[in-house]
Amino acid sequence: MSSDFVVIGAGIAGASIAGQLAAHGKVTLLETEKNPGFHATGRSAAYYAPSYGNDVVRGITVASEAFFREPKSRFSTAQLLKPRPSIFVADKDQTNSFKAFMDENPNLKRLDSKDLRLQVPLLKPGILVQGAMDTVGGDLDVDAILQGFLRQFLEFGGVLHVNAKVQGLIYQDGFWQIDTDAGHFSAPIIVNAAGAWADQLAELAGLKGLGLQALKRTAILVDGVDNIANWPLVVDVDETFYFKPDAGQLLLSPADESPSAPCDAFAEEITIAITVDRIQKVLDIEVRKVNHSWAGLRTFSPDKTFIVGFDPRCEGFFWLAGQGGYGVQTCPALADIAAHQITGSHNIVSSEEVEKYNTAMQPERFL
Ligand SMILES: Cc1cc2nc3c(=O)[nH]c(=O)nc-3n(C[C@H](O)[C@H](O)[C@H](O)COP(=O)(O)OP(=O)(O)OC[C@H]3O[C@@H](n4cnc5c(N)ncnc54)[C@H](O)[C@@H]3O)c2cc1C
């Protein structure tokens, strides 16, 4: 089973690059699990936040916006990005953090405590004293985005193999020989889109990992809070909690970042209790029952910028990893920049954007 490109990992990173590459050659997409998107991608908070992350992350997020706002009908008929503002909030002890945040995002609208309570009437008085509103953010339809890329990939003749964990990688005579649970594959170029497992995958190929770290994040859903449909996403400026409406329920997270080995992450009771406690400190609600809880791994490179590029230590080994907490909101532009490095063509970002971000994302910065 020979192809031009083999993409390993069918989360949002693997699906988006597979969708792009399929226009340029025969692509095979390999996934350990039974369903694409089973790990981080299927567990995200599904939010598009252009003021989140470092300057490269913010730039690539903004470069993805038009793709989400005006999807081509062949890609998806769903509304991929539904407007919902975000508000970054601070209490009286967070003046320095808030100032640093505003220095990075000077165009956001400042809110005082009265404005904050107009946006979220259930905020307890006197706790949160200032905020900054970003009106450009919104809810992403993660499943429609994932399915859109997979459809594009399949329409161009791509082949997806699930239950196909890659177990061995050897480079021989210009081809990667790839052993999986579903058989043997080969291609001159492989794309490492294995999320939390990306360093382990490199090690299978005999390459030392690049220092990726998976951090576990928990979320819960609660109901019984009325009139929340138009609430913004509310994020503590030091990222110790966030909450937002989610299909009639309230999604709450303690924004935890516990280092974890790659695994099928789950929400721990203690973290669920911490979540409820943090949110009840700022919101006048009483959480009696948690309807659903989950956790996923957000995987970061040492400088929290994506890793996108060919590994200089061997032929044909391409990294698309370190998506951190921004992998969904950046996927169209990031895959386009990656595809440009592999095929020389791009169709979502501008040439200036490719130029601007390529260097900052190369794997050799960690070698
Ligand atoms: C709670 C939470 C909230 C989040 N909120 C947001 C948000 O609001 N907005 C946003 O943009 N991002 C958010 N994120 C981050 C986002 O989900 C990730 O950045 C993104 O999903 C990463 O995609 P990925 O494809 O790199 O990883 P994954 O989705 O984990 O996919 C990697 C895939 O590789 C497969 N794989 C691994 N090893 C092998 C192997 N050897 N062989 C074959 N397959 C393999 C895995 O099975 C997996 O399916 C959030 C994450 C979490 C956990």
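The briefing below is grouped by topic.

This is a predicted model, in which local features need pLDDT of at least 70, side-chain atom pairs count only at pLDDT 80 or more, and totals for chains, interfaces and linings use all residues. Residues are numbered from 1 along each chain as its sequence is written.

**Domains**
- The assignment, from an automatic or database source, gives domain 1 (5-73 + 141-210 + 303-366) and domain 2 (86-134 + 213-300).
- Their C-alpha centres lie 29 Å apart.
- The contact (C-beta atoms, placed from the backbone, within 7 Å) takes 18 residues from domain 1 and 17 residues from domain 2.

**Nonpolar core**
- The largest nonpolar core has 110 residues, and Val6, Val7, Ile8, Ile17, Ile190 and Leu320 have the most contacts inside it.
- Such a core is a set of buried Ala, Val, Leu, Ile, Met, Phe, Trp, Tyr and Cys residues joined through C-beta atoms within 7 Å; buried means that 20 or more other C-beta atoms lie within 10 Å of a residue's own.
- Both domain 1 and domain 2 give residues to this core, so it lies between them.

**Helix pair**
- The axes of helix α2 (residues 55-69) and α8 come within 6 Å and cross at roughly 105 degrees; axes are lines fitted to C-alpha atoms over the stretch in contact, with angles from 0 to 180 degrees between N-to-C directions, and helices are DSSP runs (H or I, at least four residues) numbered from the N terminus.
- α2 and α8 are therefore roughly perpendicular (65 to 115 degrees) to each other.
- Ile60, Ala63, Ser64 and Phe67 of α2 meet Cys331, Pro332, Ala333 and Leu334 of α8.

Definitions and conventions. A residue is buried if 20 or more other C-beta atoms lie within 10 Å of its own, exposed if 12 or fewer, and partly exposed in between; C-beta atoms are placed from the backbone. Helices (H or I, at least four residues) and strands (E, at least two) are DSSP runs, numbered from the N terminus. Angles under 35 degrees count as roughly parallel, over 145 as roughly antiparallel, 65 to 115 as roughly perpendicular and the rest as oblique. Two residues are in contact if their C-beta atoms, placed from the backbone, lie within 7 Å.
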